[in-house]
Amino acid sequence: MAKTILHFLLVLAFCHTIVATENWKVNLSAKINGPTADEVWPYVADFCNLYKIYPSSVSFCDKGTEGRPGLFRYSITIAQSPSTPNATVVAGWVREELVKISVTKKYVAYEMHENTGGITMLKASMQVVPSGNKGCTFKWNIEAAPIAGFTYKLFADSFEASLTGMVALIQSLF
């Protein structure tokens, strides 16, 4: 009987742990004034060259075929050096795989496989949607396992800040 009770308590504790580690989801969107979805799409579709829309990154692909699922991208985030004025440092890196791309829907989905940020699972998608005569809407949906040392708010705020930077950079191109 004691073994049965112990087993039940272990199962109960395990189930509680599963509930407590529900994935974080962030669904963001931002209006891009000026360029149409057709004009912005090539920048989003260019999976290997994230730096074209993500201001603080350097990126390249090393495996797979451009524009097709199975393509792997390395991205390095650059930041100001905390100790040397006018210098930059590598703040982190990620290795991501393109898992889906739709030219007609202007949509890409990718998954993170490796990183220096302590992320154990991250899946994301980006889509450019027409929005009237002038402009479009950039949608970015992210799902990740909770990250040690982060709160959900900090996680969501970091992607919100990244989206703001991407939209500003895209608008400056037109």
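On one side of α3 (152-172), Lys-153, Ala-161, Thr-164 and Ser-172 are exposed, where exposed means over 50% relative accessible area, buried means under 20%, and partly exposed lies in between (1.4 Å probe, protein chains only). The model is a predicted one, in which local features need pLDDT of at least 70 and side-chain atom pairs count only at pLDDT 80 or more, while totals for chains, interfaces and linings use all residues. Residues are numbered from 1 along each chain as its sequence is written, and side-chain values use heavy atoms, with hydrogens and water left out.

**Overall make-up**

- Read from the N terminus, the order of elements is α-β-α-β-β-β-β-β-β-α.
- Of the 174 residues in the protein, 34% are buried.
- Contacts, defined by heavy atoms within 4.5 Å, join residues at least 24 apart in 47% of the cases in which the partners are at least 6 apart in sequence.
- The protein exposes about 10400 Å², of which carbon and sulfur atoms supply 59%, with areas taken from the Shrake-Rupley method with a 1.4 Å probe and, for residues, only the protein chains shown counting as cover.

**Helix α3**

- The 21 residues of α3 should span 30 Å at 1.5 Å a residue, and this agrees with the 31 Å between its end C-alpha atoms; the expected span is 1.5 Å times one less than the number of residues.
- The buried residues in α3 are Phe-155, Ala-156, Phe-159, Ser-162, Leu-163, Met-166, Val-167 and Ile-170.
- Because these buried residues fall within an arc of 140° when seen down the axis of α3, they line one face of the helix; the arc is that of the directions from the helix axis to the C-beta atoms.
- The cover over the buried residues of α3 includes β1, α2, β6 and β7.

**Nonpolar core**

- The largest nonpolar core holds 38 residues, and those with the most contacts inside it are Val-44, Phe-138, Trp-140 and Ile-142; such a core is a set of buried Ala, Val, Leu, Ile, Met, Phe, Trp, Tyr and Cys residues joined through side-chain atoms within 4.5 Å.
- At least two residues of this core come from each of β1 (24-32), α2, β4 (88-102), β5 (107-115), β6 (122-130), β7 (136-144) and α3, and the largest share, 7 residues, is that of α3.
- Leaving aside residues up to four places away in sequence, Ile-142 touches Trp-24, Lys-25, Val-26, Leu-28, Leu-122, Lys-123, Ala-124, Phe-155 and Phe-159.

- Cys-48 is buried at a relative accessible area of 9%, while Cys-61 counts as partly exposed at 23%.
- Cys-136 is buried, with a relative accessible area of 0%.
- Asp-46 also lies in the loop between α2 and β2, where Asp-46 is buried at 12% relative accessible area and touches Lys-52 and Glu-66, not counting residues up to four places away in sequence.

Technical notes
Helices (H or I, at least four residues) and strands (E, at least two) are DSSP runs, numbered from the N terminus.
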